[in-house]
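Subject: Structure handover

Hello,

Please find the structure below. My notes on it come after.

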Amino acid sequence: EAHAVPTGSMIPTIIPQEYLLAEKLSYRFSDPRPGDVVVFKYPVDGKTDYVKRCVASAGQTVEVRDRVLYIDGVAVPDSHAHFSNNNKPVPFLFHFSPGEWQEAWENRGYSPNGMSAYLAKKVRGNPGEYLKYFAYYAVEQAAKDNIIIDRDSLTHAVITSKAEGNTWPEFARNSLLAGFERVLGENFSNETIVPIIERTIHSVPPAFIGLAIADNFPKVTIPKDMIMCMGDNRCESADSRYWGPVELSRVKGRPVMLYYSLVNKPPDPGNPPTMLDNVLVLVGSIFRPWDIRFHRFFKLLF
C-alpha cells in the first residue's frame, strides 16, 4: 500500500513530502517489534494513517528522562532518535501518582486533545503546578548573578505566597517576588531580584507543558494488545507520549521502501491530502525535475 508523509515527525528517516510503500502481510502473522517503523490508524479519529516507530510492546515499561529513552528501567540504544534543537530538556514537575498518570495516559487524557490538554486543565485547577516552572527557572537565572537559592525552598515559598494577578505572567511575577522576599529575608533587594524575575518570565518556554511531556515522559506500562509509538524527530512529533498507546488492531503494515521524494512545500498536516491530491502532485513533479530528491529513491525502511 502506498502512503504519503506530509510532516517532519519522522525526520531524518522519512522527511516531509516523501512517498513510501508498506507491506501488509507481516503483521498478520506477528506483532510489531520495538524498532519497527509501522503504519497505523490514528487512535483518536480511527481514520488518518500515521507513520511512527514502535518503541515498546505490551507489558514493557517506557519512560523518557532528559530525552533518553528507558525501556523496563534501562536506557536503550536509540540511534534513530533525532532532536531538532539543542535546548536544555524541560523537566516534568507536575505531581501525579503512578496510577493516576497511567490511567490518564491509557485514556488519552480523557479527551481528543490528549495529555497536553489534560495537564493544561490540571494547571488551571491548581496554579501551583504552573508556578513550579517559574520557580525552577528562577533558580537558574539567580545563579547567573551568583545568587544561590535552594530550589525546593523557593518553590514552596512561591506556590504558597497567595499572590494574585490578572494575567498568568502578572500572577507569576507577583508570586516570584513574594517567594524571593521570603527566602532571602534581609538579603532581599528589589534592585537585584526584579531583573532576575523579568528574565525568568521570558525564559520559561511558552509551550512548557508539551515540551515537558516530550523531554521527560513519566513511566507507563504498555497495556495488553497495544504498542507505544514515537516519531524519530522527538522534538517535533505528536505521538504516543501525547495521545496514548496504539491498539494492535489499528496497525496496517510495515513501511519497506521510499519510492518518491519531493522538495516542494508539504501539505497541511491538519488537512491530509487525498489520493487524488497525491497523484496530481506526482504527475506535476514530472515537469519539475529540480523538485525531485532522486537520491532518496528506493531507500529501505527496515
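This is a predicted model: local features need pLDDT of at least 70, side-chain atom pairs count only at pLDDT 80 or more; totals for chains, interfaces and linings use all residues.

Residues are numbered from 1 along each chain as its sequence is written, and side-chain values use heavy atoms, leaving out hydrogens and water.

Helix pair. The axes of α4 (residues 127-144) and α6 (residues 168-184) lie 10 Å apart, at an angle of about 60°. Helices here are DSSP runs of H or I with at least four residues, and strands are runs of E with at least two. Axes are lines fitted to C-alpha atoms over the stretch in contact, with angles from 0 to 180 degrees between N-to-C directions. The crossing is right-handed (the near helix is turned clockwise from the far one by less than a right angle). Contact means heavy atoms within 4.5 Å. On the α4 side, P127, Y130, L131, F134, A135, A138 and A142 take part, and they meet W168, P169, F171, A172, S175, L176 and F180 of α6. By class, this contact has 13 nonpolar residues, one polar and no charged (Ala, Val, Leu, Ile, Met, Phe, Trp, Tyr, Cys and Pro are nonpolar; Asp, Glu, Lys and Arg charged; the others, Gly among them, polar).

Cavity lining. The largest cavity is lined by residues including R67, D78, D215, R234 and R241; a cavity is a set of points on a 1 Å grid over the protein atoms alone where a 1.4 Å probe fits but cannot get out, and lining residues have an atom within 4 Å of a point. Its lining divides into six nonpolar, no polar and five charged residues. Both β6 (68-71) and α8 (208-215) supply at least two of the lining residues.

Regards

Note on methods. On a 1 Å grid over the protein atoms alone, a cavity is a set of points where a 1.4 Å probe fits but cannot get out, and a pocket is an open set with protein on both sides within 12 Å along at least five of seven lines; lining residues have an atom within 4 Å of a point.
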